[in-house]
Amino acid sequence: MSPDEPPTSRWQLRVLDGPLRGATHLLRERTSIGRSASSDLQIIDTGVSRQHAMIVRNEQGEHVLIDLASANGTLVDGKRIDRLVLQPNTIFRVVETEIRFESARAEGSAERAAPVEVVGKTDARTLRSTAELRLEDLDLMPPPVGEAPSREVLAGPERHPVLFDGPDGTEHDGRLIDDILEYRRLRSQCLRGGLAQAAQRRHFHALQERLQQPPAAPPVSKRAFYRFDCWFPAILRFAAGEEQRCWVRDFGVDGAQLKLEGHQIHRHSITWLALELVVDGRPRSEILAGRVVWTDGDYLGLAFSGPPRSEDGRYASGPAVREVVEDTRPMRDASSPRLRLANGED
């Protein structure tokens, strides 16, 4: 969270169904919902408008849901609304996705030193009580010999510490995920009109300096951002509702490399990467939409949804966004949801 924002948020959105189910989003002064990659809560569905709805906090501290003249509307109790003051546990629908407005628990400080862990098996026990499960209860893949980073999946509890190796060999803990997600949020905010607070801008540039490859670095790839080596389990979701377990082999701002044994996933498939985390002893879901940009045997490259990027790797901001070259490669299925990605292969 940016330095100029409060350390906790009283209210959040929780997605109840669809590929984003389980994901939560902390509410701020203004929170946008839509199909656009610059939306705070992006819903990839052809029936969702690019700027579909917004939640704003009024002078009384209430959160107001506003439909932005969307084509298919925003519904509460089956009725289309234009503007509604949200009450605790109000459920509203954006096309096929149900979302609940709910209280967010304050972040605790007693366990700040606790490692970030990922849950390899998601059921009522692991998500609600983060109960520890035995590894032998699962049919998870072991790391490939000679290919995984120097991180061994610990025997015993089915909760894996999330650790990363940077390009320079520096070790990072699982809170790197929070840095990456926060950078993506601030980058989207820049595209919508910039960062008003000086502290926000400083925080954004500090994250960018940490995550972005320097221009003078040897061009080993077209990637604008570092990839961090890792090895932890995740779930890959698809629009039709099916899921496949996978292992995350590297992770960065704009994509990830995954391993799925014997997969039949095609290039250009739209997917959602679901990370079931335990942070400070509490369960949390993080879900990133993306497209498969390459496959090679059991491996595939996933490019996360994001703002368009120019050929020299720089991201556009403000009105210039419309002038930037976008990914125009054909989709595998013309009826699939459309997804804007940064240019370039994974």
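What follows is a walk from the whole chain to single residues.

**Before you start**

This is a predicted model, in which local features need pLDDT of at least 70 and side-chain atom pairs count only at pLDDT 80 or more, while totals for chains, interfaces and linings use all residues. Residues are numbered from 1 along each chain as its sequence is written, and side-chain values use heavy atoms, with hydrogens and water left out.

**The whole chain**

Begin by colouring the chain by secondary structure, which shows three helices and 21 strands; helices (H or I, at least four residues) and strands (E, at least two) are DSSP runs, numbered from the N terminus. Of the 346 residues of the chain, 51% count as buried, where buried means under 20% relative accessible area, exposed means over 50%, and partly exposed lies in between, with a 1.4 Å probe and protein chains only. The accessible surface of the chain is about 17100 Å², and 48% of this belongs to carbon and sulfur atoms; such areas come from the Shrake-Rupley method with a 1.4 Å probe, and for residues only the protein chains shown count as cover. Among the contacts in the chain with a separation of 6 or more, 55% join residues 24 or more positions apart, a contact being heavy atoms within 4.5 Å.

**Helix α3**

Now select residues 198-211, which form helix α3: its 14 residues reach 20 Å from the first C-alpha to the last, close to the 20 Å expected at 1.5 Å a residue. That expected span is 1.5 Å times one less than the number of residues. Show the side chains of A199, Q200, H203, F204, L207 and L211, which are the buried residues of α3. They cover an arc of only 135° around the axis, which puts them on the same side of α3; the arc is that of the directions from the helix axis to the C-beta atoms. Turn to the other side of α3 and you will find R202 and E209, both exposed.

**The nonpolar cores**

Next select F164, L236, V248, F251, L258, L273 and L275, the residues with the most contacts inside the largest nonpolar core, which has 40 residues. A nonpolar core is a set of buried Ala, Val, Leu, Ile, Met, Phe, Trp, Tyr and Cys residues joined through side-chain atoms within 4.5 Å. The elements giving two or more residues to this core include α2, α3, β16, β17 and β18 (255-259), and α2 gives the most, with seven residues. Centre the view on L275, which, not counting residues up to four places away in sequence, touches I177, F232, A234, V248, F251, R284, S285 and E286. A second, separate core of 27 residues includes V15, L27, I55 and A274.

Which strand holds D250? D250 is found in strand β17 (residues 243-252), and at 7% relative accessibility it counts as buried. Its side chain makes a polar contact with the side chain of R227 at 2.9 Å; a polar contact is a pair of N or O atoms within 3.5 Å, where within protein one must be able to donate a hydrogen and the other to accept it, and residues adjacent in sequence count only if both atoms are side-chain atoms. A polar atom of the D250 side chain also lies 2.9 Å from the backbone nitrogen of Q257.

Move on to I287 in strand β20 (residues 282-296), which counts as buried at 14% relative accessibility.

**Loops to finish**

Most residues other than glycine have a negative phi. Select D77, which has a positive phi of about 55° although it is not a glycine, and which sits in the loop between β7 (74-76) and β8 (79-81). D77 counts as exposed at 73% relative accessibility. Then select N89, whose phi is positive and near 70°, in the loop between β9 (83-85) and β10 (91-94); N89 is exposed, with a relative accessible area of 52%.
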